[in-house]
Each structure stands twice: as C-alpha cells, then as structure tokens.
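Let's take a look around this structure together. Here it is, with a short tour below.

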Amino acid sequence: MSRKLLEIKDLHAGVADRQDKGEILRGLNLEINAGEIHVILGPNGSGKSTLMNVIMGHPKYEVTGGSIAFEGESLQELKTFERTRRGIFLSFQNPEEIPGITVENMLRASRQAVTGKPVKIMKFRKELKAAMEELQIDPEYAGRYMNVGFSGGEKKRNEILQLLLLNPKLALLDETDSGLDVDAVQIVSGGVRRFHNEDNACLIITHNTRILEQLSVDRVHVLMDGQIVEEGGPELIEKIDREGFGFLKQD
Amino acid sequence: MENRNKTFVEDIERTLYDIRNEDRSAYKSQAGLTEDVVRDISARKHDPEWMLERRLESLKVYNSLSLPAWGPDISELNMDEIVTYVQPDAKMAGRWEDVPEDIKSTFDRLGIPEAEKVSLAGVGAQYDSEVVYHSIQESLIQQGVVYTDMETALREYEALVREHFMRLVPPKDHKFAALHGAVWSGGSFVYVPEGVHVEIPLQSYFRLNAAGAGQFEHTLIILEKNSSLHFIEGCSAPKYNVTNLHAGCVELFVGEGARLRYSTIENWSRNMMNLNTKRALVEKDGIIEWVSGSFGSHVSMLYPCSILHGENARCEFTGVTFASKGQNLDTGASVIHAAPYTSANISTRTISKAGGRATYRSAVKVTPNAHHAKCSVNCESLMLDDISRSDTLPVMDIQGDEADIGHEATIGRISEEAVFYLMSRGISEEEARAMIVRGFVEPIAKELPLEYAVEMNNLINIELEGTMG
C-alpha cells in the first residue's frame, strides 16, 4: 500500500475579498500517493493554476469549503512557507523577477529555510554547479539576479533547478513546458525525471504532451469548470490530444 | 523567529548610537547667534584675522537671508536655542590612549579604532565641535599627503585653505551655508599631491554628543592632477528631545585626471535637522563618485552637487534614503555640466515606511558651452505601506547642444506576487519582505565600503522588524 501524500476533498475555493466569492474550484477531489506522477489537463480558465495556488496557500485565494491534507495533516492553517517546509514545491508558470538577489543566494536561503539547518557554502556551491550543468544553465547565472532579464525558457529551467536543490516530497509543475522549444522541453523533462522517485510525487499541468513522453504518468485528471470531470490512465492523454476536450463537454 | 515582535515599534532601537555620554564639555558658547558669539568662537579657535572677517561677513549674510521657501518644513528650528560651539574637554590626540575614556569608548562602540587597524589609512574623529583624534599612515605622509583637522590646516596650510575655503559653497548660497561660514568648527582637511594614489580609504567620523547643539564641521579635500582617494564620512548622535542641528559643509576639488570617491552613511538621531551642503569641482578627465546613504535625522536636506568644469569630467552618484516614522528626508543630487563631453550617472533608491516621507530631488543643468553632455538619472522609490510618501522631483535645464539626457523614475510597493514567490521557497513572510527591500537597495549596497554595507543591512533589518502585524 503506497503512502498517501496529498488528499483533496470536495474543495471549494475562489478569489478572496470578492463579494460574489468568484468560486473557481467547485467541489474538487484528488488523491496523490508517493511514487506517482499525476497530470491535470483542462481548457483555459478551468481552474488548473488556481488549484496549484490554493494548494500552496496563495493569500489571493480563499478556501470556502472542503479540505486539503498533506501527509494526513490539514494545510488549512498553514502559511505558504510552512507548506513548503513540509515538502510541497510549486514551479511557477510565470516565475517572478527578484532584483538584487542572486540565484545562488536565493537558493541557499531557501535551502536553509526548508531544511532548517545551516548550509555549507562551498558544498552547496558544488551541488548548485552540478545541477546547473545538468540543466544546461550557464554557471554565470548563479551570480545573476533572480530571473531578472532571463528568457522564458531560462526562467523555467531556473524553476527546475530549485526543484532539484530543494528536493520536495510533492512537486507542483504549472505549465513548466509552456513557451519552451523542443530541446528545452527535453532538458526540463530530464530534470523532472531525475527528481522523481518512489518517495515523492509530481502533479503536472500541461497543454503539451511532449513533456510527458519520457515520464511514466500514473493518473490523468481532466479539470473543467472547477471540477474533475474525467479520470484515467495515460491513454486519456492521447485521446484528448487527438480529440480535444469536446467529447467531454457533450456529456 | 516568526513570532518575534509582531507589534508596531514606535521608534527603532538604536542602542549602539543612543548611548550618550555625560556632557562635560570644557566650554559651550551661549545659545543663539550674535556677533559676540561668533567673535568668541573665533577667538577661542585662534583664527587668523581674515577668518574672523569671513565669519562676520557670513553672519551678516545669514541675517539677511530667509529660510528656503521650498522643501521640508524646518520652521521648528529655533536658532536662539541652538548652541553653536561645544568644545569637548579633550585636546586633539594622535593616539587613542590619549583620548579621554568616555569619548574613546564612544568611538570604540562605533567600531572606529577597529576599522582603523583593519581597513583604513587614516582616521579623524570629531566629538561635538572639535576633532579629538587624527592619524595618518606614515607612508602617506612621505608621499606628501596631508590629512588633518581643519584647525591644524588653517595654521599649517593657511594659503591653501584661504584660497579654497568656501569657494565652492559661498556663504550667500543659502542661509545655512552662511550660518556655517559664521560658526564652523572642526572637520577634515585632505591634500593629495599630483600623481599620488591613496590606495586605502581615509575616514572621518562626526559624533554629536551634546543636547541642543549644532555641528558645523568643514571638510576640504584637494586632489591634484592624476591623484586618487577614497574618503569615508560617518555621522551619528544619541537621541534627545530637543532639536540638534547639523549644517556641515564639504568642498571637494578634483584636479585634472584625478578620481575621488566620497562615501557617507549618515545615521543621525531622529531629533536632528541635517542641512548639509556638499559640492565638488571636477576638472578635465576628473571623476567624482558619491556614495551616499541617508538613514537618520528628523529632517534632511542634502543634494551633493558636482560641477563638471573640465572636458570629459564625470560624476557617478549612488544614493539610498530610508525614511521612517517622523522623518522627512529630502535628498538627491545636482549636476552642472559646464564643459563639453561631461557625463553624469545618478542612481538612487528611496524607501519610506511608517508615515515617513522621502523625496528625491535633483537638478541637472547643461550650460550653453557644454555640448555633448551626457546625463542619465535613474531613481526608484519603494513605499512599504499606505501611510508613507515618496516624491520624485527632477529638474532639468538643458542649454548645450547635442546633449544626451535620460531620466527614469519608478515609484512602487513591494510586489505581493514576489512575496508569495519567496514564501513558496520556504522563506518566511517577514524575511521575504526584508529580502526584497535588501535586493532593492543592493545596487547601492555593493558600492559601499564593506562595514558600511553591513551597517546598512543592519539598519534595514532593524527598520523592518516589527513592521508586519
């Protein structure tokens, strides 16, 4: 029996501070076990990114019903950084630029925050260099300000770099492959493959099946209007790739 | 760590700076400003006759000028209450052992003797109105470098001082320049001969201990042709409930092909009126680099001015201002392009929080003969809450041909998406905000001497602690 990492039950959530509550997630259920890779597909505006942000505890969103548990413990009262420290990581669709903080300093600060232990500078530098090589990131970028002046593809690779160095239990990948050329998708996908093992899990949002080709997907969920409307194995990816979401709408 | 200090802090803890010594001055002038006071100061300082005349002339100018009609309100300053001259009970010493214990321990706490051992080629330390300590490395003396207090310079280099003193900042410039001319005391004098490069910085530290007093130190630096120097100036004072006044004056003469870096971290207490005037005259191919940090004082008006007088003369200005509760910091820079092919780069960051007000004010002037002048201004402001205020007031007066002038200004708040991004990397909300603020000032911090960069970081941390609630 595999270990349950994430359990979402009847989740309702919307934009906070809005009169109508602008409900985006409307009764969503999802379970992810250690060792698994899950994929969420769905048309634009169906609530995919909202789901990622809500799992991460973005203050912009408010949970109005249901529950999210991580390793059996409710996340409801936890702030974003506390969720990260428990082992959840989000790779952003549009990573923020943080002027004045270098990639190396930022990563060292977050490693220290997540592990709660002091990080040895030289040892960490070596590790960082190795991971950057693997993702084909110019080592000079370690000294550049976080995402400032990076191309779209460089920002995404920088997200995967953080994934490798923080080594979470659950990785949420929000369209990490969008805007990437074929080679870059291969690199990113290779990074995810290296990260993934029996003890952790991935939840991937994508519009492009290429990133999935070299990953062994366990479960596919189709999200429409804030609810999971269809679930299945990897074969569902091919079907949607071929036919679009149209066949689901007719139901 | 997340639990600490969630309440709002009225005034920051500044223990290090706030330790005040008993005021056991040898002599204090009477409060207020009269001809008798000026004559008395002059006599006590054994001024040459011409200096007394200049002081009296300045006093006349002072009485004829009114307060500036622009900028922060300084009407609460009552000159009748300010003691303009406070002579510490100490002779100037060349060894720290000879400085009286309480005064020495003040500078110990500020880390001055330690820095002297590690990273400085010379140190001057002023306490209230007089310099109590001065030193310079022997090797520099042998190269003809002079670094001493203004009083000694007035005796030993009288002709040089007479030629340059208040030539860049004439008393009629504004009311506080005139005040300075009348009651100035202390400060540093530096002379670097042609071709000499002072590789290690010199530092003067100004400490105002007496309550209700004014500090009017004069800094005069002369760099001859193709020489170079890094000069560091620090200032602080303990907090009192009465107004203190700082109206110092800095005059920098940068000769042909010479390069001067002038770094300041000003951390006056929050009862200080800091009305300081700094000006540099830069000859052909010369470079003036200002690095300026303004954190303290109740009101500041500070706009270092660079007069680019020779062809190809250059100015680099890097400044950071942090205004918190009860502070109105009006800072910026001014550049006069007075020759062809002169260039200037002004880059500033201002932060305001807890109702503080920070204004960036600059003036760039290009005279008709200064063709091909190049000037770029970049000022960014960050407001940390809804009750603080930031303003940007750039003025440009371009009369030369083929000028290339650029101005970029942004005023903003901390991006909540950036805070979320950092939090999603495990960093606490408080630390995320501090990181963003530190990142915001990083382009400035990296220009500061190391110990000042560390001090600035500490000041930012102190300022940000308890701002979340």
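## A threonine in a strand

Leaving out its neighbours within four places in sequence, B:Thr318 is in contact (heavy atoms within 4.5 Å) with B:Trp290, B:Val291, B:Ser292, B:Ser347, B:Pro443, B:Ile444 and B:Glu447. B:Thr318 sits in strand β19 of chain B, residues 314-323. Strands here are DSSP runs of E, at least two residues long, while helices are runs of H or I with at least four, and both are numbered from the N terminus. With a relative accessible area of 13%, B:Thr318 is buried, where buried means under 20% with a 1.4 Å probe, protein chains only.

This is a predicted model, so local features need pLDDT of at least 70 and side-chain atom pairs pLDDT 80 or more, while totals for chains, interfaces and linings use all residues. Residues are numbered from 1 along each chain as written, chains are lettered from A and ligands numbered from 1 in written order, and side-chain values use heavy atoms, without hydrogens or water.

## Where chain B meets chain A

The contact takes 20 residues from chain B and 31 from chain A. About 2000 Å² is buried between them, 66% of it from carbon and sulfur atoms; that's the accessible area (1.4 Å probe) the two parts lose on being put together, summed over both. B:Phe420, B:Tyr421 and B:Arg425 supply 38% of what chain B buries against chain A, more than any other three residues.

The interface has two salt bridges, each a side-chain nitrogen of Lys or Arg within 4 Å of a carboxyl oxygen of Asp or Glu. B:Arg425 forms a salt bridge with A:Glu159, with the closest N and O atoms 2.6 Å apart.

How values were computed: Buried < 20%, exposed > 50% of the residue type's maximum accessible area, 1.4 Å probe, protein only.
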